Amino acid sequence: MKRKVYLDHNATTPVDRAVVQAMLPYLHEKFGNPSSLHLYGREVRAGVEEAREKVAQALGADPKEIVFTSGGTEADFLALRGAAYANRKRGRHIITSAVEHHAVLDTCEMLAEEGFEVTVVPVDRHGMVDPGRVAGEIRPDTILISVMHANNEVGTIQPVREIGLLARERDIVFHTDAVQSFGKIPVDVRELNADLLSISAHKIYGPKGAGALWIRRGCRWSPINRGGGQERRRRPGTENVPGIIGLGEACRLAVSNLDDEARTLKTLRDRMVSYVKENFKGVWINGHPGKRLPNSAHFSFEGIEGEALLLDLDLNGIAVSSGSACSSESSVSSHVLLAMGIPDEVARCSIRVSLGKENTKEDIDYFLEVLTNTVNRLRALSPIK
């Protein structure tokens with residue numbers, strides 16, 4: 001039987017068994033609406049609030065600052081639009097980076113169409129944002145800065161603490177997308193100097209369709225949806241209770257063994273990167289060499305088609321990706337790689353490898369064996385020279 005190796009954990013993770021067990025009662029026995037005042041509702045409300053406390057504790061936050069969402073994309077959308085419109089009388093200038101997830105970039109584009117002005121700060125060849133460049137773009141009418149904590153494609157960890165301090169000193173709202181960083185490296189909302197922070201359950205062995213937005217108490221932010229009093233009127237609509245329960249448990253588990261898991265994943269990742277460096281010519285290893293997520297590696301192989309590489313690996317039971325799963329159906333090169341100065345013809349020959357807690361040394365060795373055979377064969381056949 002063909003070996004199966006899943007190396008696409010930045011796209012999504014399998015749901016942890018303990019998370020499933022926590023969710024199960026809320027799929028059947030505990031079915032009440034958490035807004036109902038009777039026994040059935042109160043029982044479910046207690047579960048939702050317990051989950052809120054777990055999320056808050058994992059982030060170093062106050063439970064009242066946690067707003068449950070349908071995931072990271074909605075959390076980003078609510079953060080940016082809520083901050084932009086709450087501060088529009090102070091100014092209409094927004095700063096973000098060239099390597100943000102489309103959840104941020106597309107929301108900024110929408111805001112630009114509505115009369116806001118957006119400055120997109122470039123990155124260096126490692127995908128790193130320079131706080132000095134951010135400071136240089138701040139104007140008297142700047143009201144919002146959004147820079148992700150860690151990049152979802154190349155894994156580069158951004159200097160958000162420094163950028164957040166810049167924003168704090170100038171009374172500018174600062175948002176960071178921590179969807180990829182949370183659960184892999186320490187995330188403390190106070191230490192990051194953030195006002196708004198987004199996370200998602202399915203990146204940390206929780207269910208899809210659940211996430212959270214942290215809103216610092218006192219932050220100038222306003223809800224953009226209407227329709228009910230849920231989430232303290234910040235995000236109306238009947239709560240996705242099983243998803244919220246799963247998110248809470250996933251957050252608890254994510255921080256309970258964070259350091260040990262990060263060390264294990266880094267060891268496996270470094271083994272993989274070292275092999276690629278030593279055994280391949282014409283390979284680009286993308287992302288910051290030191291300041292990057294412990295589970296992530298990103299490679300571009302000259303002389304082959306990236307899609308052919310992905311398909312061949314898949315035929316051998318190996319799952320990796322070409323970049324963000326949210327844009328995998330697009331045939332254009334990754335905006336992240338292009339922003340880093342990687343030529344288009346090289347960017348199209350790229351794969352993202354992201355490890356998870358169930359991966360083993362044997363998984364990595366099998367991947368490297370298949371990768372070597374596949375790259376050599378495709379280069380021999382490829383018209384790209």
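## A guided tour, from the whole chain to two residues

Start with the charges: the protein carries 49 positive and 50 negative side chains, and the centres of the two sets lie 3 Å apart. Here Lys and Arg count as positive, Asp and Glu as negative, while His and the chain ends are left out; each charge is placed at NZ of Lys, CZ of Arg, CG of Asp or CD of Glu.

A word before you click on. This is a predicted model, in which local features need pLDDT of at least 70 and side-chain atom pairs count only at pLDDT 80 or more, while totals for chains, interfaces and linings use all residues. Residues are numbered from 1 along each chain as its sequence is written, and side-chain values use heavy atoms, without hydrogens and water.

**The whole protein.** Switch to a cartoon view to find 12 helices and 12 strands (DSSP runs numbered from the N terminus: H or I of at least four residues for helices, E of at least two for strands). The C-alpha trace spans about 65 × 55 × 35 Å along its principal axes. Of the 385 residues, 56% count as buried, where buried means under 20% relative accessible area, exposed over 50%, and partly exposed in between (1.4 Å probe, protein chains only).

**Select D195.** You will land in the loop between strand 6 (173-177) and strand 7 (196-200). Is D195 buried or exposed? With a relative accessibility of 2%, D195 counts as buried. Now show its side chain, which reaches the backbone nitrogen of F174 at 2.8 Å. The side chain of D195 also makes a polar contact of 2.6 Å with the side chain of R216 (a pair of N or O atoms within 3.5 Å; within protein, one must be able to donate a hydrogen and the other to accept it, and residues adjacent in sequence count only if both atoms are side-chain atoms). Not counting residues up to four places away in sequence, D195 touches several others, including R168, W214 and C219; contact means heavy atoms within 4.5 Å.

**Select K357.** Next, go to the loop between strand 12 (350-354) and helix 12 (361-381), where K357 lies. K357 is partly exposed, at 35% relative accessible area. Which residues does K357 contact, leaving aside neighbours within four places in sequence? They are D16, Y205, E261 and L265. Finally, select A262: K357 and A262 are 95 residues apart in sequence and 8.9 Å apart in space, C-alpha to C-alpha.
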